[in-house]
Amino acid sequence: MPELSTIVAMVLVVAMAAYVLSGGADFGGGIWRLFAWGPRGERQRDALNDAIAPIWEANHVWLILVIVLLFSCFPRAFSVLMTALHIPLAAMLVGIVLRGSAFAFESYPAGATRLQKRSGRVFAVSSAVTPFLLGISVGAIASGNLRVDAATGMVQTNFVSEWLAPFPFAIGALLLAVCAFLSAVYMTVEVRADVELANDFRRRGLWAAVAVGVFALVSLLLARRDAPFLYEGLVHGRAAIFFQILTGLAAVIVLGALWQRRYRIARLAALVQGGLIIVGWALAQFPYLIYPDITIAGAAADEVVLRLVLIALAAGSVLLLPAFYYLYRVFKAGKSGGVEVAQNPAPVADESEASGGADESGVDSR
Amino acid sequence: MDDLLAARSQMAMSLAFHIVFAAVGIAMPLLMIVAEGMWIRTKRRVYRELAQRWAKGTAIIFAVGAVSGTVLSFELGLLWPTFMEHAGPLVSMPFSLEGFAFFLEAIFLGLYLYGWDRLAPKVHWLCGLMVMISGTMSGIFVVCANAWMNAPAGFDFVGGEFVNVRPWEAMFNALWMPMTAHMTVAAFQAVAFAVAGIHAWMLLKDPGNAFHRAAIGIALIVGLATAIVQPIMGDLLAKNTAVHQPIKLAAMEGQFETERGAPLRIGGMPDVEAGRTNYALEIPGGLSFLAFGSFEAEVRGLKDFPRDEWPPVAIVHIAFQIMVACGMWMLGVAVLGVFLAWRQRALPEQRWYLWLLVVSGPLGFVAIEAGWTVTEVGRQPWVIYGFMRTADAVTPMPGLIVPFTVFSVLYLVLSVIVVYLLRRHVFQSPTAAQLARIAEVDGGGAADNVQVGGDDA
């Protein structure tokens with residue numbers, strides 16, 4: 001049985017992976033909005049919005065869970081990160097606020113078409129900027145440059161040099177590519193009824209997969225110099241080779257399945273690949289939260305706190321997982337909508353706000 | 001502006017902004033499911049129309065609330081890392097549970113907003129109910145954490161360290177119940193009055209409009225009930241504050257001297273230098289009675305405490321007066337409304353009463369902002385009351401005026417856009433003539449399968 005603190009750290013990694021795989025793809029959807037022009041731009045935009053709209057707020061909560069777990073169970077690490085990475089994290093928050101608000105403004109414009117257009121643009125740009133900044137912060141953590149003075153317990157930082165460096169920026173680009181990649185692959189399944197759109201996202205998925213590979217390689221090369229501990233872990237760690245092979249295998253399957261237009265298989269493999277990237281990073285860093293001064297066990301709160309948080313997590317999951325399953329089943333189980341609609345003869349309102357125009361639900365458009 | 005003041009200003013601004021959206025996220029689902037429930041029961045389409053239109057406004061507000069709440073959870077660490085390093089484990093329970101409540105709220109909101117044509121009506125209604133329950137719970141959990149800052153519990157303080165952490169004891173601290181009760185009622189009350197005010201305004205412009213009458217009917221019931229309950233909740237909290245934070249109570253009341261039979265001061269301006277509150281209307285023994293249940297009870301004054309532990313007295317006193325005044329006004333409006341409704345056995349829609357509702361519309365939110373000012377400013381100079389000073393908790397990061405300015409501008413722009421969009425949504429509500437057509441469809445037999453105005457869709 002591993003230590004309690006290790007178990008909480010594992011939950012933390014799972015929550016981060018869940019955030020990247022779900023919330024990350026929502027950011028990716030915004031990124032593809034930047035490229036949604038040309039003859040099918042309008043249809044691409046609508047498809048992306050439809051895919052994101054019902055689920056992005058729920059997906060976003062994974063990030064809050066990560067933060068709560070950090071300050072509840074590893075308060076030392078939390079205070080060090082929040083102090084040293086104030087600038088990129090605050091900038092990321094601006095991105096988060098703009099992304100979410102602009103998406104809501106765009107979805108419910110009440111006929112304000114110019115505001116709607118501009119909100120769409122803000123949504124797209126902030127969707128790209130936010131994961132980039134998150135990646136920079138993660139890269140700074142992994143680099144080993146966040147040092148804590150053993151005597152005073154104070155973090156040694158000038159608030160800039162730890163993250164304004166090539167390696168953190170490479171990780172930022174990598175996360176950006178992963179978000180775009182996940183979104184494109186998911187979208188091929190979402191729009192599979194529309195062959196033209198599915199082809200568009202298939203092509204984008206392939207390009208994004210290449211970008212993920214390139215940025216992963218660049219990050220690894222930079223890590224050799226700028227994040228040597230992480231590099232060691234990734235290349236020579238206990239299970240490292242095994243994980244590298246698995247991740248590579250998943251990537252190959254995604255490429256092959258996209259090529260063959262086997263979109264569901266591609267989506268499954270992309271989920272595995274994205275998850276493995278996060279888990280691989282976490283393993284390479286183990287047992288450090290922030291190399292080299294803060295370990296998982298060293299930063300952990302009292303055992304009683306860890307135990308209670310784990311119990312709360314387990315109890316919460318009993319409610320959460322079925323609810324999530326239901327949400328995804330209702331909105332992601334094919335566009336026909338499944339059983340519920342067939343059983344429901346009630347009037348069907350026109351909920352097409354996202355398409356904008358004068359106004360929505362019939363009554364007042366005359 | 002020094003960094004501490006900038007950090008405090010940014011925190012205050014972020015909270016003041018978020019609390020409005022949070023309150024709407026808690027209370028609007030109740031109004032929506034009441035309207036939707038009326039539709040399911042009576043099949044009168046106007047109620048479905050109402051629920052759907054309310055849902056659109058709520059969707060905008062919920063999104064901004066979700067992201068501004070995220071900002072706050074980061075800002076706790078970005079601005080107050082030392083505080084969170086010590087408090088994190090102690091507030092672990094309310095925040096972990098809040099995480100799950102927020103998850104459920106977001107999940108069921110997604111189902112509610114986008115599930116109108118995918119879910120059976122009763123399932124859809126249940127999703128709305130879940131949004132309300134989980135939204136209310138997440139509000140309660142967050143306020144539990146705040147209550148801990150005001151009445152710290154669940155640890156031993158040894159050599160400047162918080163040890164022997166007992167998270168449940170910390171969560172269920174002395175103030176959790178009165179604070180969560182006061183805030184939860186406040187959320188429903190503020191939103192109900194705001195909604196009633198908006199629809200009263202529209203009804204004044206378009207008299208007899210069934211849409212706005214239905215809206216006022218629902219909002220008013222919630223508003224009246226909460227306005228009548230709220231003074232009891234407030235009194236409960238004040239009595240607990242008198243015991244656990246006597247210095248905050250003294251500041252709220254402008255009470256400088258420790259005395260028996262302390263008067264209740266209405267209005268007035270505390271003069272900290274002179275050590276007295278001027279121009280107040282004083283009710284003899286009133287404060288002693290309200291705080292301790294006896295006209296002769298002793299109330300501790302500010303002068304009983306070291307000068308460097310006083311909160312900014314004038315701000316706390318005036319904010320408290322504003323909150324109480326708003327509450328009393330809304331209580332009056334509520335009692336009057338109940339009386340009118342009882343006498344005429346119908347919705348009170350006299351023009352003057354509608355005007356009264358319009359005027360009272362913003363007061364619930366004014367009271368919430370003022371009340372949080374009392375709580376937060378009244379806790380100063382402490383971040384953990386009695387254990388850690390705010391000045392010792394702030395980040396060493398320089399130039400905090402920059403993020404303060406950035407977030408202020410950002411929130412200002414968002415506020416303008418939200419108000420603009422909500423205005424548009426409100427002004428697009430159906431007119432009486434359009435409603436007459438809905439009523440025709442309603443009366444026309446197989447109405448259930450016809451969409452509102454669907455004939456020319």
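Where in chain A does Ala110(A) lie? Ala110(A) sits in the loop between α5 and α6 (113-143) of chain A. Here are some notes to read with the structure open; please keep in mind that this is a predicted model.

1. **Ala110(A) and its backbone.** Ala110(A) is not a glycine, yet its phi is positive, at about 50 degrees. Most residues other than glycine have a negative phi, and most peptide bonds are trans. Ala110(A) counts as buried because 24 C-beta neighbours fall inside 10 Å, and the cut-off for buried is 20 or more.

2. You will find Arg345(B) in the loop between α11 (313-344) and α12 (351-360) of chain B. Is Arg345(B) buried or exposed? With 6 C-beta neighbours inside 10 Å, Arg345(B) counts as exposed, since the cut-off for exposed is 12 or fewer.

3. **Cis peptide bonds.** There is one to look at in each chain. In chain A, the bond from Phe286(A) to Pro287(A) is cis, and its omega is near 0 degrees. Pro287(A) belongs to the loop between α11 (263-285) and β3 (288-290) of chain A. In chain B, Gln380(B) and Pro381(B) are joined by a cis peptide bond with omega of about 5 degrees. Pro381(B) belongs to the loop between α13 (363-379) and β9 (382-384) of chain B.

4. **Chain A as a whole.** Chain A has 14 helices and 4 strands. Its C-alpha trace spans about 75 × 40 × 40 Å along the principal axes. A compact globule of 366 residues would have a radius of gyration near 21 Å, so the 22 Å of chain A agrees with that expectation. Of those 366 residues, 56% count as buried. Among contacts in chain A with a separation of 6 or more, 78% come from residues 24 or more positions apart.

5. **Chain B as a whole.** Chain B contains 16 helices and 10 strands. Taken along the principal axes, its C-alpha atoms fill a box of roughly 75 × 45 × 40 Å. In chain B, 76% of the contacts between residues at least 6 apart in sequence join residues at least 24 apart.

6. **Where the chains touch.** Chain B brings 70 residues to the contact, and chain A brings 71 residues. On the chain B side, α2 (45-79), α3 (81-87), α4 (92-114), α15 (401-427) and α16 (432-443) each supply at least two residues. By class, this side of chain B has 43 nonpolar, 20 polar and 7 charged residues.

7. Phe103(A) lies in helix α5 (residues 86-107) of chain A. Phe103(A) is buried because 29 other C-beta atoms lie within 10 Å. Setting aside neighbours within four places in sequence, Phe103(A) is in contact with Phe123(A) and Ala63(B).

8. **A helix pair in chain A.** Helix α7 (residues 166-190) and helix α8 (residues 195-226) of chain A pack at an angle of about 160 degrees, and their axes are 7 Å apart. α7(A) and α8(A) are therefore roughly antiparallel, as angles over 145 degrees are classed that way. Their crossing is left-handed. The residues of this contact divide into 24 nonpolar, 3 polar and 3 charged.

9. **A helix pair in chain B.** α2(B) packs with helix α8 (residues 210-244) of chain B at an angle of about 70 degrees, with 10 Å between the axes. α2(B) and α8(B) are therefore roughly perpendicular to each other, and their crossing is right-handed. Val46(B), Tyr47(B), Glu49(B) and Leu50(B) of α2(B) meet Ala210(B), Phe211(B), Ala214(B) and Ala215(B) of α8(B). By class, the residues of this contact are 7 nonpolar, no polar and 1 charged.

Methods: Residues are numbered from 1 along each chain as its sequence is written. Chains are lettered from A and ligands numbered from 1 in the order in which they are written. This is a predicted model: local features need pLDDT of at least 70, side-chain atom pairs count only at pLDDT 80 or more; totals for chains, interfaces and linings use all residues. Two residues are in contact if their C-beta atoms, placed from the backbone, lie within 7 Å. Ala, Val, Leu, Ile, Met, Phe, Trp, Tyr, Cys and Pro count as nonpolar, Asp, Glu, Lys and Arg as charged, and the others, Gly among them, as polar. The radius of gyration is taken over C-alpha atoms; the globule rule is 2.2 Å times the number of residues to the power 0.38. Axes are lines fitted to C-alpha atoms, for helices over the stretch in contact, and angles run from 0 to 180 degrees between N-to-C directions. Angles under 35 degrees count as roughly parallel, over 145 as roughly antiparallel, 65 to 115 as roughly perpendicular and the rest as oblique. A crossing is left-handed if the near helix is turned anticlockwise from the far one by less than a right angle, and right-handed if clockwise.
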